[in-house]
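I am opening a new page for this entry.

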Amino acid sequence: MSNATSEMQRALAAVQDAWSKAGSPWNPDALAALYTSDALFFGGRAGHSVGREAVRSYFASYVGVIEQGRMVLADTHYLAIDSDCFLAQGYVDFAFTLSGGRETRSRLRATLLIVRTKDGWRIRQHHFSPTPDAPPLGDR
């Protein structure tokens, strides 16, 4: 394993840990702080969130629904863009505790663009989506 890959793995682990800490208990402000001011974000709801404030609004839409959340990235492949930026693609395993104490788990495809900022490693692009059951070749 190269030094660059090791550094990307450490950076992604730090982002993952910070995300899970901000998600337990569910804290939209702390979650949004993990994203850059110009972040691009596709999450689990319809719509495209552009910018940290839109990302915060996305997470706030789950207040009263999610009590806590944890994410674990798995089967990740890395692509170095430069020394301060890399792409991570693989899967994300979510564990959520919903209001009323109901627990859920899900696995989604994950693509993250991670950048080094003055405040540490942050997410600049986030795209999570379910794995399709079949190729999208049919009519709408």
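How many bridges join strand β4 to strand β5, and do the two run parallel or antiparallel? I looked this up first, keeping in mind that the model is predicted. I find 13 bridges between β4 (residues 85-98) and β5 (residues 103-117), and the two strands run antiparallel.

Next I traced the whole sheet. The sheet is open and has 6 strands, in the order β2-β1-β6-β5-β4-β3, and its pairing is mixed. At the edges I have β2 (49-50) and β3 (66-82), each of which pairs on one side only.

Then I turned to the helices. Helix α1 (residues 3-22) lies across β1 (35-42), β3, β4, β5 and β6 (120-129). I noted an angle of about 165 degrees between α1 and β3. Helix α3 (residues 52-60) also packs on the sheet, where it touches β1 and β2. The direction of α3 makes about 55 degrees with that of β1.

Last, I looked at T36, which sits in strand β1. Is T36 buried or exposed? I put T36 down as buried because its relative accessibility is 7%, and the cut-off for buried is under 20%. Its side chain makes a polar contact with the side chain of D38, at 2.7 Å. Setting aside neighbours within four places in sequence, I list R52, V115, T117, R122, I123 and R124 as the residues in contact with T36.

Terms used:
Residues are numbered from 1 along each chain as its sequence is written. This is a predicted model: local features need pLDDT of at least 70, side-chain atom pairs count only at pLDDT 80 or more; totals for chains, interfaces and linings use all residues. Side-chain values use heavy atoms; hydrogens and water are left out. Two strands pair if DSSP finds at least two bridges between them. Helices (H or I, at least four residues) and strands (E, at least two) are DSSP runs, numbered from the N terminus. Contact means heavy atoms within 4.5 Å. Axes are lines fitted to C-alpha atoms, for helices over the stretch in contact, and angles run from 0 to 180 degrees between N-to-C directions. Buried means under 20% relative accessible area, exposed over 50%, partly exposed in between (1.4 Å probe, protein chains only). A polar contact is a pair of N or O atoms within 3.5 Å; within protein, one must be able to donate a hydrogen and the other to accept it, and residues adjacent in sequence count only if both atoms are side-chain atoms.
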